[in-house]
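Please read the following briefing beside the sequence and the 3D structure.

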Amino acid sequence: MAALTRDPVELAQLVCAGDRRAIARAISLVEDEDAGARELMAALWPHVGGAAVIGITGPPGVGKSTLVGALVGAIRRSGRTVGVVAVDPSSPFTQGAVLGDRVRLVEHDTDDGVFFRSMGSRGRLGGVAESTALASAVLSAAGFDVVLIETVGAGQSDIRIADMADVVVLALQPGSGDSVQAIKAGVMEIPDVVAMTKCDLPGIDAFRSELRLALGIDPETAPRLVELSVPNGQGVGELWTAITEVRDGLGAEGVAARRRTGAAREAAAIVAARAGARARAAIDADPAVQDALRRTAAGELDPLALVAYLERHTSNA
Ligand SMILES: Nc1nc2c(ncn2[C@@H]2O[C@H](COP(=O)(O)OP(=O)(O)OP(=O)(O)O)[C@@H](O)[C@H]2O)c(=O)[nH]1
Ligand SMILES: [Mg+2]
């Protein structure tokens with residue numbers, strides 16, 4: 001097999017042609033914050049934006065990956081291609097993740113219409129949110145009709161899925177009472193669709209009532225509720241229909257408006273994350289900063305003077 005180019009512009013061309021090795025390499029470049037990543041993104045960017053980007057979020061273990069695997073099947077049956085970015089906040093070596101990935105890979109590994117990528121969450125400058133957003137952009141440039149992003153969390157994680165996705169699906173199972181409380185208290189943004197998972201398990205009736213109460217009954221503002229049981233093949237088609245109806249309902253203008261807001265918030269979050277990482281690195285490593293810390297401890301600098309010093313120092317770094 002010929003060696004894959006290291007040239008970012010050539011790599012971008014291969015990505016746009018749908019070359020799977022190039023797609024994998026491109027995602028690794030953005031994940032590793034490789035020096036070529038900026039040039040790569042610049043070359044890819046004119047080709048980004050055609051995919052419908054769908055975020056699937058929810059607390060740990062509610063069945064997001066199972067759902068994503070089933071959705072991939074539904075999307076393929078509808079004749080569309082799909083790229084998946086799964087963010088694995090825990091160790092990529094946990095049995096569940098490996099097993100889940102393997103199941104999906106075995107099912108779809110001969111299908112060129114599916115691309116699956118699991119992102120680690122090693123500490124990086126821009127953080128996992130940045131590399132996830134960029135991986136999604138790579139898959140969009142590669143021409144996949146749909147990009148699915150799976151992230152753990154429920155609105156409060158460091159990944160703001162609403163800033164990356166056109167449509168947000170929140171997966172909840174009986175026992176996800178904390179998330180329901182968070183919705184009620186207004187600390188969690190209301191998703192477009194709530195996927196009630198594991199409806200074959202006991203407790204689903206009480207949970208349905210609790211959810212309906214928390215989400216409100218106004219059909220104009222309440223998210224759609226879809227009940228699923230993946231082992232029984234229940235609800236997957238309905239979920240895909242609900243997602244496409246929400247997106248169609250937004251229209252091109254609505255999607256563009258969400259993307260504008262999301263891009264602004266995403267960029268601000270990346271700048272903040274990088275500034276934070278620079279500040280921490282400066283505090284840890286810089287003798288001048290260590291000296292300022294000593295002066296603060298000795299009472300020569302007040303805390304706000306220390307912050308002002310650090311801001312000057314890190315923005316010059
Ligand atoms: N009974 C039942 N079990 C399910 C269903 N969907 C998923 N599960 C099980 O729930 C467990 C967790 O499923 P995952 O799909 O890995 O959940 P996840 O939300 O992706 O988990 P993390 O990524 O670790 O947060 C697995 O044992 C699944 O087999 C369902 O509809 N019914
Ligand atoms: Mg998962």
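The axes of helix H1 (residues 8-16) and helix H3 (residues 37-44) come within 8 Å of each other and cross at roughly 45°, which makes H1 oblique to H3. This is a predicted model, in which local features need pLDDT of at least 70 and side-chain atom pairs count only at pLDDT 80 or more, while totals for chains, interfaces and linings use all residues. Residues are numbered from 1 along each chain as its sequence is written, and chains are lettered from A and ligands numbered from 1 in the order in which they are written. Helices (H or I, at least four residues) and strands (E, at least two) are DSSP runs numbered from the N terminus.

**Helix packing**

- The crossing of H1 and H3 is right-handed, a crossing being right-handed if the near helix is turned clockwise from the far one by less than a right angle, and left-handed if anticlockwise.
- Pro8, Val9, Leu11, Ala12 and Val15 of H1 make the contact with Glu39, Leu40, Ala43 and Leu44 of H3, where contact requires C-beta atoms, placed from the backbone, to lie within 7 Å.
- By class, the contact of H1 with H3 has 8 nonpolar, no polar and 1 charged residues (Ala, Val, Leu, Ile, Met, Phe, Trp, Tyr, Cys and Pro count as nonpolar, Asp, Glu, Lys and Arg as charged, and the others, Gly among them, as polar).
- H4 and helix H9 (residues 236-285) pack at an angle of about 70° with their axes 9 Å apart, and they are therefore roughly perpendicular to each other (angles under 35 degrees count as roughly parallel, over 145 as roughly antiparallel, 65 to 115 as roughly perpendicular and the rest as oblique).
- In that packing, Ala70, Leu71, Ala74 and Ile75 of H4 meet Val236, Gly237, Leu239 and Trp240 of H9, and the residues of the contact divide into 7 nonpolar, 1 polar and no charged.
- Axes are lines fitted to C-alpha atoms, for helices over the stretch in contact, and angles run from 0 to 180 degrees between N-to-C directions.

**The sheet**

- An open sheet is formed by 7 strands in the order S3-S2-S4-S1-S5-S6-S7, with parallel pairing, two strands being paired if DSSP finds at least two bridges between them.
- Strand S3 (114-119) and strand S7 (224-227) stand at the edges, each with a single partner strand, so one side of each is left without a neighbour in the sheet.
- The twist averages 20° from one strand to the next.
- Strand S1 (residues 52-58) is joined to S5 by 4 bridges, with Gly55 opposite Val168 in S5.
- S5 is in turn joined to strand S6 (residues 193-196) by 4 bridges, with Leu172 opposite Met196 in S6.
- Between S6 and S7 there are 4 bridges, and Val194 stands opposite Leu225 in S7.
- Helix H4 (residues 64-77) lies across S1, strand S2 (82-87), S3, strand S4 (146-152), S5 and S6, running at about 175° to S2.

**Burial of strand S5**

- Strand S5 (residues 167-172) is mostly covered, with 6 of its 6 residues buried (20 or more other C-beta atoms, placed from the backbone, within 10 Å of its own make a residue buried, 12 or fewer exposed, and a count in between partly exposed).
- Val167, Val169 and Ala171 point one way from S5, whereas Val168, Leu170 and Leu172 point the other way, and all are buried.

**Positive phi in two loops**

- Glu33, in the loop between helix H2 (20-31) and H3, has a positive phi near 50° although it is a residue other than glycine, and with 14 C-beta neighbours inside 10 Å Glu33 counts as partly exposed.
- Lys198, in the loop between S6 and helix H8 (204-215), has a positive phi near 60° and is likewise a residue other than glycine, but Lys198 is buried, with 23 other C-beta atoms within 10 Å.

Notes:
Contact = placed C-beta atoms within 7 Å.
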